Amino acid sequence: MHATDEALGLDAPTVGDPLLRFSSRTTSLAGIEAELAKVWAATSLTTTGDTGEAERRVSARTSVLNLVVIARQPEIGARAAAVIRMLAGRHPSRTLIVSSADPDGPSWLDAHIQAICMLPRPDAAETCAEFIDLVAGGEAGRHVAAIVAPLLVHDLPVTLWWPGDPPLGTRQAVDMLAMADRLVVDGSHWSGDGLDRLQVLARLVGEHGAGIGELAVSDFAMIRQSRWREAIASSFDRPELRPFLSGITAITVRYAAHRGAGPWGTNLIKPLYHVGWLASRLGLVVAAPLRPVVPDGASESGDDLGLRMTGRLRASRRSVAVAVLPMASPMPPGTTLTVELSAERRGASLEVVVSAEADAVMVHATVDGRSMPVRRFMAPRRTEVELLAETIESVGRDPVAVAALLAAAELVRPT
Amino acid sequence: MARTGGPATTPPRTIREERIERIGRRRRSVRHDVNPLREGLRLERVPDPHVMVLFGATGDLSHRKVFPALAQLWRTNLLPQDWQLVAVGRRPHDDATFRAEITASLEQYSRVRLESDVAAQFLGRISYHQGDFGDDEAFDRLAVRLDAMDAELGTQGDRLFYLATQSSAFPQIVAQLGRTGLDHELHGGGWRRIVIEKPFGRDLDSARKLNREVGRVFRESQVYRIDHYLGKETVRNLMVFRFGNGIFEPLWNRRYVDHVQITMAESLGVEERGSFYEETGATRDVVQNHLLQLLTLVAMEPPATFDADALRDEKVKVLRAIPEFGAADVAANVVRGQYGPGWVEAKPVQGYRAETAVDAQSETETFMATRLQIDDWRWSGVPFYLRAGKRLPKRATEIAIQFKGVPHRLFRDSAVDPQPNLLAIRIQPDEGILLRFGSKVPGLGLDIRTVTMDFTYGSAFSVDSPDAYETLLLDAMLGDASLFTRADEVEAAWAIATPIVDSWVNGPAPDFPNYVAGTWGPNAADTLIERDGRHWRRI
């Protein structure tokens, strides 16, 4: 075992700013545990008080959860670490960032242990959180669950954040999910169209969905859409427009696509979540799954812009046409540009177009050709720090999100 | 007489048969009273489109609190699209000049700065209606105007009246609303609600009189009496803390609790409110409402449901279980004080009698402390100490539950006896909860030191808390009266406060000033608690 301590200065903390109070390196699991024990006794956690004497400012270890990040590459780990550091004061947790390297070499571990502290207010003790950045090389990198399990603070919930493309169906994932209470992913960052991974995620939610110990799943892609959902829902708040909900005839979602991306190159998770959410809330079931449409004389990709997909939902005898369509846009590929709803009710018609505009979502509604006042919903793009904070604050499963996820997967289920 | 010759009819025997006989085979139509797309969103129900009528729109309260709260609700899309506000005031304004005034107030008092286009949208929904509250013609015009708005906006007669005026104007406005029929709820829709600001009366008789006057026009279910303290996030969390956690409730009674302290300390003086405070004093200003509300939330039994009346029934039971004081009880259990000059927050401050618009011989109390008993099964014998004051060393509102000590002194060799456990709920500032317990000092000996577990709201939740007025306005629009006080509740609270104030009026002149600004009140306040073998918690 080899460990090196870094003696850190007794900097006076500034309220709200994360401050590194302890830093050490080691190369074994036993070493990590020994260093963690030192964190809370370290002299570097003592600062000079008003009287000039050493003053202990950390009153208690403040952990509310275990946050485990599986980073397939060290650069993903570094990005996740930057996000989590911003949350140290708000959501103190034991954080483990585990990356793999050098898969064909001999087994080795390199762990960097830190205490990140924050002063919530001038007269309070600092709240500190433990931060373990761990790289596993060789064979050890293929047994991440065995490394993580002994380092978890028992009795605290385990949130597993898997940035990038999580290998959800693999043995490694199964082992990791067995010790997790919540899986956090960002479906909009999955490679390709993301549809295969959506199927696996839906299966996971189904398998881990019953009773005590069920796995909660948070997808940043879906959390980002909450203002869109409010905007769409607001169209039906007026009592006289609410009956149109049982007369919806078409749902169209247009997404940003870049020319030349190829038919399967644009991630479709966000537009699909919109349709999945509407279908699940309105009790619509899949009559004909979404399938690519090839217009006459065009390539399968729909003039190389992206996939044009159509399908059909139904409720009782009513059929609802669904289309997910690409649209050339400078926005990142896969970004939702518009959600359009058409509805009929006793001879009257309603058209709702919800569209993104800078930091807002606009709702344009027309009843029998008569325009309603335009409504604007503030929807600034939320950072990963905000998304992770919201995820950590949520408790248990979100049944609405689960239903939307399952409906979206059902819409694109392969035959 | 039974028909003959036809098929014999069998009387219905099952629930289904009975239902079909009564209402036929009709399928129930799909419910359209809820919006299924709202499930899981911030609000599962949004207020109906309505017109809000704000009386006292040019006043300080409207500018500081009501308009910023409404603007914030508008900004966050929590108000319906077809919402409109008619601002009623005496001062001469047209829509443009009044909106300019609101714009300035929003810039000064908004919790979050409004984007310019959002501010323009919000202001566009405000119109001004000038009129004196005694002017029949002004109210007749208002009624016509509101009917026209209903027709134009499709607000279906839904109206929220908000009385942000001096309390002396409440009866007049309520009577005018009754005279013009603006209180009448329409059949099949068209709700009418009235929000009334504090103070609701200045003693038991005036509160009863006001309740009668309001009750002549509005039904109790239409009346929303505001105590903005109940809209505060931490006060609402108090109910969650008590009834959403299993471990505290078994300890929450006379068997384990030694006493309870509720403190509301302000470092500020009366500022520009001298004339108001002269007529009010600490007891009427904060004890009768805020402190007694906190007491009821601490002491009440768990309600059967979380609906408004179940909650308020339990609170009223607590207030009624507090014995009313006679003059001798007041002398023994109440301390009043008034601050003299001193130093607060490192600045010299003048005494109360030297404040603007304050009588140089004023007998108004700026500090009040009392010892109350709740004569019920749960709390019998547990004193509740309440104190509130101005120009105290710091601003802090806190509820402290002091538990009893251990029954047997086991650690005789410890240098210090372990202090009894304490649970402190900080309402403001630094909202949070602190639990104090004893812990062994590391080493070969067996010394015990008191340590604390300190939960700070702000460090656990990154979400920005809404202002109390945002919460309460939205609740009134949604028709949820849980956080508003009911007529009997207000009267029960006055029944406790009135004998105290009356005994001061009838008693000898107090020896004021009796505490130095920047201290924790008069010495008598310490004596009040220390004669019971207890002491005020150092905050």
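**Close-up views of a predicted model**

**View 1. The salt bridge between the two domains of chain A.** Across the interface of domain 1 of chain A and domain 2 of chain A, the rule finds one salt bridge (a side-chain nitrogen of Lys or Arg within 4 Å of a carboxyl oxygen of Asp or Glu). The side chains of Arg224(A) and Asp186(A) form a salt bridge, with an N to O distance of 3.3 Å. Residues are numbered from 1 along each chain as its sequence is written, and chains are lettered from A and ligands numbered from 1 in the order in which they are written. This is a predicted model, in which local features need pLDDT of at least 70, side-chain atom pairs count only at pLDDT 80 or more, and totals for chains, interfaces and linings use all residues; side-chain values use heavy atoms, and hydrogens and water are left out.

View 2. Chain A is divided into domain 1 (2-222) and domain 2 (223-380), with bounds from an automatic or database domain assignment. In contact (heavy atoms within 4.5 Å) are 16 residues of domain 1 of chain A and 15 residues of domain 2 of chain A. The area buried between these domains is about 1300 Å², of which carbon and sulfur atoms give 59%; buried area is the accessible area (1.4 Å probe) that two parts lose on being put together, summed over both.

**View 3. The contact of chain A with chain B.** Here 35 residues come from chain A and 34 residues from chain B. The buried area between the two chains is about 3000 Å², and carbon and sulfur atoms give 48% of this area.

**View 4. Salt bridges between chain A and chain B.** The count between the two chains is three salt bridges. In one of them, Glu39(B) pairs with Arg281(A), and the closest N and O atoms are 3.0 Å apart. Helix H7 (226-234), helix H8 (269-281), strand E21 (375-378) and helix H9 (384-393) of chain A each supply at least two residues of the side that touches chain B. Helices (H or I, at least four residues) and strands (E, at least two) are DSSP runs, numbered from the N terminus. H7(A) gives the largest share of that side, seven residues.

**View 5. Confidence along chain A.** The average pLDDT (the predictor's confidence in each residue, from 0 to 100) of chain A is 82, and 83% of the residues score at least 70. Residues 47-52 of chain A have a pLDDT below 50, and this stretch has ten contacts in the model beyond near neighbours in sequence.
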